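Subject: Structure handover and notes on packing

Dear colleague,

I am passing on the structure below, together with some notes on how its parts pack against each other. Please read them with the coordinates open.

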Amino acid sequence: MPWADLVRSVRLEDCGPVRSFPVRSGRRMAPGWWWSATDGRLVRYGSGVMRTQVMLLDHDPEVVAVACRPVEFVWREPDGSCLEHAPHLMARLDDGSGLLVACAGREEVSRRLAHRAEVVAAAVASVGWRYRIARPPDPVLAANLSWLAGYRHPRYRGGALAGRVAEAFQRSRPLMEGVRGLGDPVGVLPVVFHALWNGALSAPLDAPLHERVTVTAARTVGRRQA
């Protein structure tokens with residue numbers, strides 16, 4: 001289908017991958033599934049690099065749905081050759097537009113990917129979408145989000161305790177100071193980590209999380225209060 005027609009008629013976030021992910025011997029991480037807190041569905045990934053980018057999209061407050069490689073672009077070059085490109089990930093944004101993501105395992109981008117990215121970025125921009133090449137995130141940020149993601153499921157929401165957590169951090173204060181004032185850290189910390197994941201609480205994630213990190217309740221209700 002022409003791209004403009006496809007965007008109007010197909011919900012790409014509901015589509016499966018257009019290509020499979022082979023299991024390669026010697027790789028540290030095989031293809032797998034990520035449970036998305038954004039929309040409560042499983043999202044496929046083909047590598048550790050993709051898994052990290054799925055996690056970042058799942059944490060992004062602009063994102064309302066995530067899909068793995070749901071579309072492939074095919075076009076003819078001026079010299080007559082035929083090229084194709086299937087971005088690794090697609091995200092539906094809260095304004096109704098979409099984002100396509102190519103996951104790069106290193107900072108340097110190959111000439112091959114750069115050319116395909118230029119063509120596809122122009123195509124998606126014509127319908128108000130965005131395209132980006134996602135390079136590896138800051139390792140500290142990735143490690144912090146990986147920890148918080150372990151508490152992203154609604155079972156850690158905390159019920160009435162969640163409200164007490166928000167009140168405890170209305171004034172910015174060290175993490176453990178607020179936690180100990182609420183009760184046993186074993187029961188309170190999972191609720192705090194869930195709130196940090198879904199945006200009800202905030203903390204600087206570009207530095208390692210520790211017991212003295214400053215935590216503050218969000219002034220507005222987080223998008224993922226679930």
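In this predicted model, Leu-201 touches a set of residues that, leaving out those up to four places away in sequence, consists of Val-165, Phe-169, Val-192, Ala-195, Leu-196, Val-215, Thr-216, Ala-217 and Ala-218. Leu-201 also belongs to the largest nonpolar core, which has 47 residues and in which Val-192 and Leu-201 are the residues with the most contacts. The element that gives the most to this core is helix 7, residues 185–198, with eight residues. Apart from it there is a second, separate core of 20 residues, which includes Leu-12, Trp-75, Val-120 and Ile-133. As general background, nonpolar side chains in soluble globular proteins tend to be buried together.

Leu-161, Ala-162 and Val-165 make the contact from the side of helix 5, while Gly-187, Val-188, Val-191 and Val-192 make it from helix 7. By class, these residues are six nonpolar, one polar and no charged.

With helix 4, helix 7 packs at an angle of about 120°, and here the axes lie 9 Å apart. Helix 4 and helix 7 are therefore oblique to each other, and their crossing is left-handed. On the helix 4 side Leu-145, Trp-147, Leu-148 and Ala-149 take part, and they meet Phe-193, Leu-196 and Trp-197 in helix 7. The residues of this contact divide into seven nonpolar, with no polar and no charged ones.

Helix 4, residues 139–149, packs with helix 2, residues 48–59, as well, at an angle of about 70° and with the axes 10 Å apart. That angle makes helix 2 roughly perpendicular to helix 4, and the crossing of this pair is left-handed. From helix 2, Met-55, Leu-56 and His-59 meet Ala-142, Leu-145, Ser-146 and Ala-149 of helix 4. The contact of helix 2 with helix 4 comprises five nonpolar, two polar and no charged residues.

With best regards

How values were computed. Residues are numbered from 1 along each chain as its sequence is written. This is a predicted model: local features need pLDDT of at least 70, side-chain atom pairs count only at pLDDT 80 or more; totals for chains, interfaces and linings use all residues. Side-chain values use heavy atoms; hydrogens and water are left out. Axes are lines fitted to C-alpha atoms, for helices over the stretch in contact, and angles run from 0 to 180 degrees between N-to-C directions. Helices (H or I, at least four residues) and strands (E, at least two) are DSSP runs, numbered from the N terminus. Angles under 35 degrees count as roughly parallel, over 145 as roughly antiparallel, 65 to 115 as roughly perpendicular and the rest as oblique. A crossing is left-handed if the near helix is turned anticlockwise from the far one by less than a right angle, and right-handed if clockwise. Contact means heavy atoms within 4.5 Å. Ala, Val, Leu, Ile, Met, Phe, Trp, Tyr, Cys and Pro count as nonpolar, Asp, Glu, Lys and Arg as charged, and the others, Gly among them, as polar. A nonpolar core is a set of buried Ala, Val, Leu, Ile, Met, Phe, Trp, Tyr and Cys residues joined through side-chain atoms within 4.5 Å. Buried means under 20% relative accessible area, exposed over 50%, partly exposed in between (1.4 Å probe, protein chains only).
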